[in-house]
Amino acid sequence: MSAEQSAPSHAAVDRVIAALEARGVEPRVVWFGDAVTTAQLAADALGVEVGQIANSLVFTLDDEPILVLTSGAHRVDTDWLGERLGGRIGRASKEIVKAATGQVIGGVAPVGHPAPVRTFVDVDLARYDEVWAAAGHAKTVFPTTYDELVRLTGGTPTPVEPGSADEPTREA
């Protein structure tokens, strides 16, 4: 898969670009010829480590949609994280994902949603100077940093699995 230089237009991507610009970030959206719907596909296409991919996963915490931005190097331990957050975490349906973010599974970005979504940012992403997140479509990503991701989303830095619990969290 190779990045295309001429970027097509897509409403969800346009909203992500507008949200980035509104937060003082110059958007550098990369479009791919094929969908990169997994962290490994995105990492391979970019030539980076899978841990540098910030997966945008929508869950429900009790009945509230939440966004967990997690390193592509591991999975969210929903039982463990739910206990830490004081509730029960479940996988959100595609309808909940679309309603909460205005985007579809496989292309959910950390920003550009119709309304703010309570967000948690995996502290494991702090290990990387650069991380990549979806930009509203399964063929798009944009580069950022951990600190910028926390700032852009107003997210709460948190470990998402027990092995990360001892790592320091950063203040937003």
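The conversation below goes through this predicted model and the cut-offs behind its descriptions.

Reader: What should I know about the numbering and the atoms before we start?
Author: Residues are numbered from 1 along each chain as its sequence is written, and side-chain values use heavy atoms, with hydrogens and water left out. As this is a predicted model, local features need pLDDT of at least 70 and side-chain atom pairs count only at pLDDT 80 or more, while totals for chains, interfaces and linings use all residues.

Reader: Happy with that. Why is T140 called buried?
Author: Buried means under 20% relative accessible area, exposed over 50%, and partly exposed in between, with a 1.4 Å probe and protein chains only. T140 has a relative accessible area of 1%, so T140 is buried.

Reader: And why is R127 called exposed?
Author: R127 has 52% relative accessibility, so R127 counts as exposed. R127 is found in the loop between β6 (118-122) and β7. In space, R127 and G51 are 8.8 Å apart, C-alpha to C-alpha, although 76 residues separate them in sequence.

Reader: What makes residues 140-144 a strand?
Author: Helices (H or I, at least four residues) and strands (E, at least two) are DSSP runs, numbered from the N terminus. The run of residues 140-144 is strand β8, and T140 is found in it.

Reader: Why is β8 described as largely enclosed?
Author: Five of the five residues of β8 are buried, so the rest of the structure largely encloses this strand. T140, F142 and T144 point one way, V141 and P143 the other way, and all are buried.

Reader: How do you know which strands pair with β8?
Author: Two strands pair if DSSP finds at least two bridges between them. β2 (residues 30-32) and β8 have two bridges, in the antiparallel sense, with V30 partnered by V141. β7 and β8 are joined by four bridges and also run antiparallel; here W132 has P143 as its bridge partner. The hairpin of β7 and β8 has five residues between the strands, and G136 takes a positive phi near 105°.

Reader: What does T140 touch, beyond residues up to four places away in sequence?
Author: Contact means heavy atoms within 4.5 Å. On that basis T140 touches V13, V29, V30, W31, A133, A134 and A135.

Reader: Where is T101, and which polar contacts does its side chain make?
Author: T101 is found in helix α4 (residues 94-101). Its side chain reaches the backbone oxygen of V97 at 2.7 Å, and a polar atom of that side chain lies 3.0 Å from the backbone nitrogen of Q103. T101 has a relative accessible area of 1%, so T101 is buried too. Leaving aside neighbours within four places in sequence, T101 is in contact with V58, V108, G112, H113 and P114.

Reader: Why is β3 described as largely enclosed?
Author: Seven of the nine residues of β3 are buried, so the rest of the structure largely encloses β3.

Reader: Which strands are joined to β3?
Author: β7 is joined to β3 by two bridges, and the two run parallel; I53 stands opposite W132. Eight bridges join β3 to β4 (residues 64-71), antiparallel, where F59 stands opposite I66. Three bridges join β3 to β5 (residues 89-91), also antiparallel, and L61 has I89 as its bridge partner. The hairpin of β3 and β4 has two residues between the strands, and D62 in the turn has a positive phi of about 60°.

Reader: How many residues of the lining of the largest pocket are nonpolar, polar and charged?
Author: Ala, Val, Leu, Ile, Met, Phe, Trp, Tyr, Cys and Pro count as nonpolar, Asp, Glu, Lys and Arg as charged, and the others, Gly among them, as polar. The lining divides into 18 nonpolar, 12 polar and two charged residues. Seven lining residues, the largest share, come from β3.

Methods. Polar contact = N/O pair within 3.5 Å; in protein donor to acceptor, adjacent residues only side chain to side chain.
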